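This report goes through a few local features of one protein model. Please look at the sequence and the structure before reading on.

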Amino acid sequence: IVARDELLGGKEVEEALEKLNAGVKWFREHKEEAVKYISQELDYEEEDAREWMKAVRFAEDVRGVERGVVEETLETLKKAGVLKDAGRPLEEWVGMIKER
């Protein structure tokens, strides 16, 4: 999720994040309906949607991201050759880091 610094903490961003949290909760609690939605509305095969649901790990709260998740993602992107300049401080990559 991307938002300008001026918007972080604003009412609109907070409302959007709450709606995303509600959507994530729905997906976790309604797995079969989620598979049906993904396969019918997002143009995926039902089997692929079912396998994706098994593998995906949803955030408990979309407000911010844990440091380890960002570090692992940056490392994966470096190994894939997608990201060249990963030497910048983590805080320059992510605006809302959650510490455990």
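Which residues form a nonpolar patch on the surface? The patch consists of Tyr37, Leu42 and Tyr44. Together these residues have about 320 Å² of accessible area. The model discussed here is predicted.

Tyr44, one of the patch residues, lies in the loop that runs between helix H2 (31-41) and helix H3 (46-55). Ser39 is located in helix H2.

Is Ser39 buried or exposed? Ser39 has a relative accessible area of 17%, and because buried means under 20%, Ser39 counts as buried. A polar atom of the Ser39 side chain lies 3.1 Å from the backbone oxygen of Lys36. Leaving aside residues up to four places away in sequence, Ser39 touches Tyr44, Glu45, Glu46 and Ala49.

## Aromatic residues

How many aromatic pairs does a search of the whole structure find? The search finds four. For the rings of Trp52 and Phe58, the centres are 6.1 Å apart and the planes stand at 85°. Planes over 60 degrees apart count as edge-to-face, so the pair of Trp52 and Phe58 is edge-to-face.

Trp52 is partly exposed, at 42% relative accessibility. Phe58 also counts as partly exposed, at 22%. One aromatic cluster is formed by Trp26, Phe27, Tyr37, Trp52 and Phe58.

Definitions and conventions:
Residues numbered from 1 in each chain as written. Predicted model: local features only at pLDDT ≥ 70, side-chain atom pairs only at ≥ 80, totals over all residues. Heavy atoms only, no water. Patch = residues over 30% accessible without salt bridge, like charges linked within 9 Å, V, L, I, M, F, W, Y side chains within 5 Å. Areas by Shrake-Rupley, 256 points an atom, 1.4 Å probe, with all protein chains shown as cover. Salt bridge = Lys/Arg side-chain N within 4 Å of Asp/Glu carboxyl O. Helix = DSSP H or I, 4+ residues; strand = E, 2+ residues; numbered from the N terminus. Buried < 20%, exposed > 50% of the residue type's maximum accessible area, 1.4 Å probe, protein only. Polar contact = N/O pair within 3.5 Å; in protein donor to acceptor, adjacent residues only side chain to side chain. Contact = heavy atoms within 4.5 Å. Phe/Tyr/Trp six-rings, centres within 6.5 Å; stacked < 30°, edge-to-face > 60°.
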